[in-house]
Amino acid sequence: MAAKLRQWNTPTAELLRVAESGDVDELLRLLPGVDDINARNRHGTTALMKAAFLGHEPMVRALLQHGADPNLSRNDRFTALALAAFFGHGETVKALIEYGAKTEAVTRAGASALTWAKLRTFDEVARCLEAYAPKPVRATPTPVRN
């Protein structure tokens, strides 16, 4: 009995392959045929996440400039920012933050990008994330007037 080959969404698979390669010129040739730059594979991974995981900062910038959402998360709740921080890709972290990646997002394990950078001793990445981390809001009590 012949095994059935599973057919993947060709444009999505091609987009993920190109993002992994880091070839921005190839991405730019492919983009006109891409319906959804935020398309996901079965793990919830987008092209932006693939590029961030591998530290392909020029590819990350190109995807962001063409509308990739920096705040989507995979099935395990890792965002592109968390992936870049986890693997110590400082320039990629900076690019994602510039395009609005939320530094406070947490993975399924409950850890933020900053937590991962610190745990894995990527000090430069941690400093960058600390500089952009949202500051805690302090409530100022309103005086009660009688």
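**Entry 1: ground rules.** I call a residue buried under 20% relative accessible area, exposed over 50% and partly exposed in between, using a 1.4 Å probe and protein chains only. I note that this is a predicted model, in which local features need pLDDT of at least 70 and side-chain atom pairs count only at pLDDT 80 or more, while totals for chains, interfaces and linings use all residues. Residues are numbered from 1 along each chain as its sequence is written, and side-chain values use heavy atoms, with hydrogens and water left out.

**Entry 2: overall make-up.** I looked up the elements next. Helices (H or I, at least four residues) and strands (E, at least two) are DSSP runs, numbered from the N terminus. I found eight helices and zero strands in the protein. Read from the N terminus, the order is α-α-α-α-α-α-α-α. Of the 146 residues, 40% are buried.

**Entry 3: aromatic rings.** I then went through the rings. A pair of aromatic rings is described by the distance of the centres and the angle of the planes. Rings of Phe, Tyr and Trp (its six-membered ring) pair if their centres lie within 6.5 Å; planes under 30 degrees apart count as stacked, over 60 as edge-to-face and the rest as tilted. I get five aromatic pairs by this rule. Phenylalanine 78 and tryptophan 116 are stacked, because their ring centres are 5.7 Å apart and their planes stand at 25°. Phenylalanine 78 is in the loop between helix 4 (57-65) and helix 5 (80-86), and tryptophan 116 is in helix 7 (residues 113-119), so this pair ties together parts that are 38 residues apart in sequence. I find both phenylalanine 78 and tryptophan 116 buried.

Phenylalanine 86 and phenylalanine 87 make an edge-to-face pair, because their centres are 4.9 Å apart and their planes are at 70°. Phenylalanine 86 is buried at 18% relative accessible area. Phenylalanine 87 is partly exposed at 31%. I place phenylalanine 87 in the loop between helix 5 and helix 6 (90-98). One aromatic cluster is formed by Phe53, Phe78, Phe86, Phe87 and Trp116.

**Entry 4: what else touches these rings.** I checked for charges over the rings. A charge sits over a ring if NZ of Lys or CZ of Arg is within 6 Å of the ring centre and within 35 degrees of the ring normal. Arginine 120 lies over the face of phenylalanine 86, 3.9 Å from the ring centre. The charged end of arginine 120 also sits over the ring of phenylalanine 87, 5.7 Å from its centre.

**Entry 5: salt bridges.** Side chains of opposite charge can pair when their charged atoms come close. I count a salt bridge when a side-chain nitrogen of Lys or Arg is within 4 Å of a carboxyl oxygen of Asp or Glu. The structure holds eight of them. Arginine 17 is bridged to glutamate 26, with the closest N and O atoms 2.3 Å apart. Arginine 17 is partly exposed at 35%, and glutamate 26 is partly exposed at 21%. Glutamate 20 is bridged to lysine 50, with the closest N and O atoms 3.1 Å apart. Glutamate 20 counts as partly exposed at 38% relative accessibility. Aspartate 76 and arginine 74 meet in a salt bridge at 2.6 Å, N to O. Both aspartate 76 and arginine 74 are buried. I also see Glu14, Arg17 and Glu26 joined into one network by salt bridges that share partners.

**Entry 6: helix 8.** Which residues of helix 8 (residues 123-132) are buried? I list Val125, Ala126, Cys128 and Leu129. They lie on the same side of helix 8, because they cover an arc of only 160° around the axis; the arc is that of the directions from the helix axis to the C-beta atoms. Arg127 and Ala131 are exposed on the other side of helix 8.

Entry 7: Most residues other than glycine have a negative phi, and most peptide bonds are trans. Arginine 77 has a positive phi near 70° and is not a glycine. Arginine 77 lies in the loop between helix 4 and helix 5, and is partly exposed at 42% relative accessibility. Its C-alpha is 9.0 Å from that of glycine 44, which is 33 residues apart in sequence. Threonine 121 also has a positive phi, about 55°. I place threonine 121 in the loop between helix 7 and helix 8, where it is exposed at 58%.
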